[in-house]
Amino acid sequence: MLVLLSAGIAPGLALISYFYLKDQYEQEPVITVFKVFLFGTILTFPIMFIQYVLAEEGLLQSALMHSFFSAALLEEFFKWFILFLAVYQHADFDEPYDGIVYGASISLGFATVENILYLLSNGIEFAFGRAIFPVSSHALFGVLMGYYLGKAKFNIGGSSRPWLLASFFVPFILHGLYDYILFLENKWLYYIFPFMLFLWWFGLRKVKDAHLLSKQHFIQKLKEKSASF
């Protein structure tokens, strides 16, 4: 049991540590990041319950409907809603890159519980594949959500609405595509690898962009402090 729990938790912990340590300026309080992670773990249960009801009632029978509505819409909307409600205006969210830390944290909280439950049901032999595909994809959906939330919050002089919309719709569409690929039966392996390579490229590109935005924000704050003396 201990080995299985460790295998379920380790990928999420490793990815959170990676994105957390990439913060080049003011790293977030660990307790705040942990709270956001816990939000993600708690979200797992109501979302899975709704998904179970939808499946039992046969409301979303097609692969397309299941992928984009039962999986992507429910999971990404609730994560986005909690981030917007509880984190977006938080005092610790004080630079653009912070959005990536919090986005990855809530997504990995969800993915970690989902991963543990899957391994409990199906066995530890699936641990490697789960780490490579579902856990890392959730992390990257969170990275993209957080990146656009950071753009929205620190878009000085411009409208935040387009970036807020992007913070939900970009991960929602990519998550839907990811799940739809998994329904392609024997063909899914031909599509999932290029999709994951694209997702990692896109996510890491946004990490780099967020670093540049945080650098600009940091320089602007220094200028404002200098001007105040």
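Which helices each supply at least two residues of the lining of the largest pocket? They are helix H2 (30–57), helix H3 (63–87), helix H4 (98–122), helix H5 (127–153) and helix H6 (161–182), where helices (H or I, at least four residues) and strands (E, at least two) are DSSP runs, numbered from the N terminus.

This is a predicted model, in which local features need pLDDT of at least 70 and side-chain atom pairs count only at pLDDT 80 or more, while totals for chains, interfaces and linings use all residues. Residues are numbered from 1 along each chain as its sequence is written, and side-chain values use heavy atoms, with hydrogens and water left out.

**The chain as a whole**

The chain contains 7 helices and 0 strands, and its pattern along the sequence reads α-α-α-α-α-α-α. Its radius of gyration, taken over C-alpha atoms, is 18 Å, which agrees with the value near 17 Å that a compact globule of 229 residues would have; the globule rule behind that value is 2.2 Å times the number of residues to the power 0.38. Along the principal axes, the C-alpha atoms fill a box of roughly 65 × 40 × 30 Å.

Of the 229 residues, 46% count as buried, a term that means under 20% relative accessible area, with exposed meaning over 50% and partly exposed lying in between (1.4 Å probe, protein chains only). The accessible surface of the chain comes to about 12100 Å², and 69% of that surface belongs to carbon and sulfur atoms; the areas come from the Shrake-Rupley method with a 1.4 Å probe, and for residues only the protein chains shown count as cover. Among the contacts (heavy atoms within 4.5 Å) with a separation of 6 or more, 81% join residues 24 or more positions apart.

**The pocket and the cavity**

The largest pocket has a volume of about 790 Å³. Of the 31 residues that line this pocket, the closest to its centre are His66, Glu114, Arg130, Asp179 and Leu182. Helix H5 gives the most to the lining, with 7 residues, and the lining as a whole divides into 16 nonpolar, 11 polar and 4 charged residues. In this division Ala, Val, Leu, Ile, Met, Phe, Trp, Tyr, Cys and Pro count as nonpolar, Asp, Glu, Lys and Arg as charged, and the others, Gly among them, as polar.

A pocket is an open set of points on a 1 Å grid over the protein atoms alone, with protein on both sides within 12 Å along at least five of seven lines, whereas a cavity is a set of points where a 1.4 Å probe fits but cannot get out; lining residues have an atom within 4 Å of a point. Grid points are joined across faces, edges and corners, and a volume is the space filled by probe spheres set on the points.

A search of the whole structure finds 1 cavity of 30 Å³ or more, and the largest cavity holds about 50 Å³ of space. Its lining is made by Tyr25, Glu26, Asp94, Glu95, Ser214, His217, Phe218 and Lys221, which by class are 2 nonpolar, 2 polar and 4 charged residues.

**Individual residues**

| Residue | Relative accessibility | Class |
|---|---|---|
| Alanine 7 | 18% | buried |
| Threonine 41 | 13% | buried |
| Glycine 109 | 0% | buried |
| Serine 160 | 26% | partly exposed |
| Lysine 206 | 11% | buried |

The contacts named below leave aside residues up to four places away in sequence. Threonine 41, placed in helix H2, touches Gly109, Phe110 and Val113.

Alanine 7 belongs to helix H1 (residues 2–21) and touches Asn115, Leu119, Ile124 and Ala127, while its C-alpha atom is separated by 12 Å from that of glutamate 114, which is 107 residues apart from it along the chain. Lysine 206, found in helix H7 (residues 188–228), touches Ile100, Leu144, Tyr147 and Tyr148.

Serine 160 is found in the loop between H5 and H6, where this residue is in contact with Tyr88, Ala152 and Asn155. Serine 160 and leucine 149 are 11 residues apart in sequence, and their C-alpha atoms are 8.7 Å apart in space.
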